Amino acid sequence: MSKDDQKIDADDRNVFDVLNERKYIVDYFQREYSWKATHIEQLVTDLTTTFLEEHTPGNARARVAHYNNYYLGPFVVCSKDGIRSIIDGQQRLTSLTLLLIFLNNLQKTLGGTESIEPLVFSEKYGQKSFNIQVEERRPCLEKLFQDGSYDVKPDDDESTINMVARYANIDEAFPEEIKGAAFPYFLDWLKYNVILVEITAYSDDNAYTIFESMNDRGLNLTSTEMLKGYILSRFQDAKDREKANQFWKESIQSLHDYSKDEDQQFFQAWLRSQYADTIRQSKAGSSNEDFEKIGTRFHSWFRDNLSKMRLKADSPGEFRTLVHQEMKYYLRAYLDILDAQKQEKPGLEHVFYISQWGIAPSLSFPLMLAPLKSTDSTDVTRQKINEVARYIETFAVRRSINFRKFGASSIRYTMYTLVKELRGKDINSLRTLLRGKLNDMDEKWGGIAQFRLHGMNRQFVKFLLSRITGFIEQQSGAPTNFSAYFVSPGTKPYEVEHIWADKFEEHRDEFEQQHEFDTYRNRIGDLVLLPQGTNQSYGDMPYVQKVDHYLKENLLVKSLHPKAYENNPNFLGMAQKLGLKFKPYKSFAKADIDERQKLIQEICEVIWGDSGNS
């Protein structure tokens, strides 16, 4: 290896310098993009919160140069023969690219003309390509770049599926207060004030050595470790301190068994749920308050707000109670929630549902912990958690069927305010309060009348059909559930399929225009769940031919056929008991879709109404 090959450079660069018309390939062993919703939400929240703390409406744009910088961390590249290969950091760089694509699409709606495209997509040697080049991701990125949406296909890889989901999360998390006059200022700040350290090696061996070193040795103290140091310093007795230290280590390990940053998410959720009082107003120039500060530097917030924690710095007994009683209780509840997110558990099933379709975890976890008291029994604790999760699910479903977003940025003030209202409520008061909140929602079940599938809501449509199908089958005595259709463990995955074949010419008696037919065909009344590949064999058939095949499928599909109503007392009894107007169809026309749409609404009102059947 030559001396040049052994050379390593490290340079701090802003986002513009890192991405503007610079090409990278992704090393083969790092290819999958695996960020989860919590990661992208944290990134967007950190960036936008830091910017809004600095920005004051009316500032000259040149003033942005004096705003505080934001450090996004290091990334490692290997530079050989004019090609830069990303060795470490592609998760952040891919996420940045998705954010920039979102901002470019947002700018189109705002009528802006800022230069964003070269940070994402540029020309080199006469060929245009994305600046981070992975061939398998290109079709997805092209559609996101051009249209802001991409329909996931059955053979798409994990990275593509994750990119589509994370793009949607960015849209949900991006705050409204930057979608106006502050937008060009934010772009300037993002391009020139967000800093990364580019570490460049000139041989594969050196690059991988750096990669291993950075991933094996955590040198920076986390907020959790700094909080631990402060709390243990309040213990005067050595034995008490060691006992607390041992409990702390075991607690953090139990959280790390789920993910490496689960400890930080626990403390953010706990502190927000029980102690935070204030939240930043939704306007540019507002200062960060309790909820935001806990999200970025909770150890500092804790130290500065002992009175809100009902603690005195010179009272070891109060810190002993905090650790061995309060923290122990809320940790157990938090771990129960994490476990319930893995599979449907009786008594905590709504926690699982909202992990598949719900509001951002930064909102849902504080809400679920808020009404809990360390004196609550295990049974009461779980009842409260499930009751709040049921509210969250109902809220998310009602917003979705009315085509209303519920990203963190649009509902954060409402939900954090609700956190404070829920604190310490007994189970009956909790139910009454949450029922009132749902009754006050503008989004009603009547929205189902116009609800349909479109480019960005296929996952929700699958969720909705899975909940409905699992519910009516369980109510009819079948040993199935939501997971059988939404998760499909160990079997072919289920897909959203149309009852009508995509043949406009067969429906010209009811539609004059193709787009009218397409809209009706995408209505929820014309959609069912079928195992992957099943619909390919008969999907193009007219309804009168394919309906016989439906008898082999799940109960919601089977209910279209007259024979589903013969010798089936459990199904008929369920329909009668719940007042659901199921009926078979020998043919399936426009009016029948409308009728089926009303049935879907009736089922939704039973599942998420006040009856408690769900």
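Biologist: In what order do the six strands of the open sheet come?
Modeller: This is a predicted model, and in it the order is 1-8-3-4-2-7. The pairing in that open sheet is mixed.

Biologist: And which strands stand at the edges?
Modeller: Strand 1 (8-14) and strand 7 (132-133). Each has a single partner strand, so one side of each has no neighbour in the sheet.

Biologist: How many bridges join strand 3 to strand 8?
Modeller: Eight. Strand 3 covers residues 70-80, strand 8 covers residues 194-201, and the two run parallel.

Biologist: Which residue does Tyr70 stand opposite?
Modeller: Val194, in strand 8.

Biologist: OK, switching to cavities. How many are there of 30 Å³ or more?
Modeller: The count comes to three.

Biologist: What volume does the largest cavity have?
Modeller: About 70 Å³.

Biologist: Which residues line the largest cavity?
Modeller: Its lining is made up of Thr94, Thr97, Leu98, Phe130, Ile132, Val134, Arg137, Leu141 and Met163. By type, that lining splits into six nonpolar residues, two polar and one charged.

Biologist: Which element gives the largest share of that lining?
Modeller: Helix 4, residues 90-110, with three residues.

Biologist: What about the second largest cavity, how much space lies in there?
Modeller: About 40 Å³. The residues around the second largest cavity are Thr45, Asp46, Thr49, Arg272, Glu292, Gly295 and Thr296.

Biologist: Which elements give two or more residues to the lining there?
Modeller: Helix 3 (37-54) and helix 12 (290-304).

Biologist: Is Cys78 buried or exposed?
Modeller: Cys78 is buried, because its relative accessible area is 2%, and the cut-off for buried is under 20%.

Biologist: And Cys604, what does its relative accessibility come to?
Modeller: Cys604 comes out at 0%, so Cys604 counts as buried too.

Notes:
Residues are numbered from 1 along each chain as its sequence is written. This is a predicted model: local features need pLDDT of at least 70, side-chain atom pairs count only at pLDDT 80 or more; totals for chains, interfaces and linings use all residues. Side-chain values use heavy atoms; hydrogens and water are left out. On a 1 Å grid over the protein atoms alone, a cavity is a set of points where a 1.4 Å probe fits but cannot get out, and a pocket is an open set with protein on both sides within 12 Å along at least five of seven lines; lining residues have an atom within 4 Å of a point. Grid points are joined across faces, edges and corners, and a volume is the space filled by probe spheres set on the points. Helices (H or I, at least four residues) and strands (E, at least two) are DSSP runs, numbered from the N terminus. Ala, Val, Leu, Ile, Met, Phe, Trp, Tyr, Cys and Pro count as nonpolar, Asp, Glu, Lys and Arg as charged, and the others, Gly among them, as polar. Buried means under 20% relative accessible area, exposed over 50%, partly exposed in between (1.4 Å probe, protein chains only). Two strands pair if DSSP finds at least two bridges between them.
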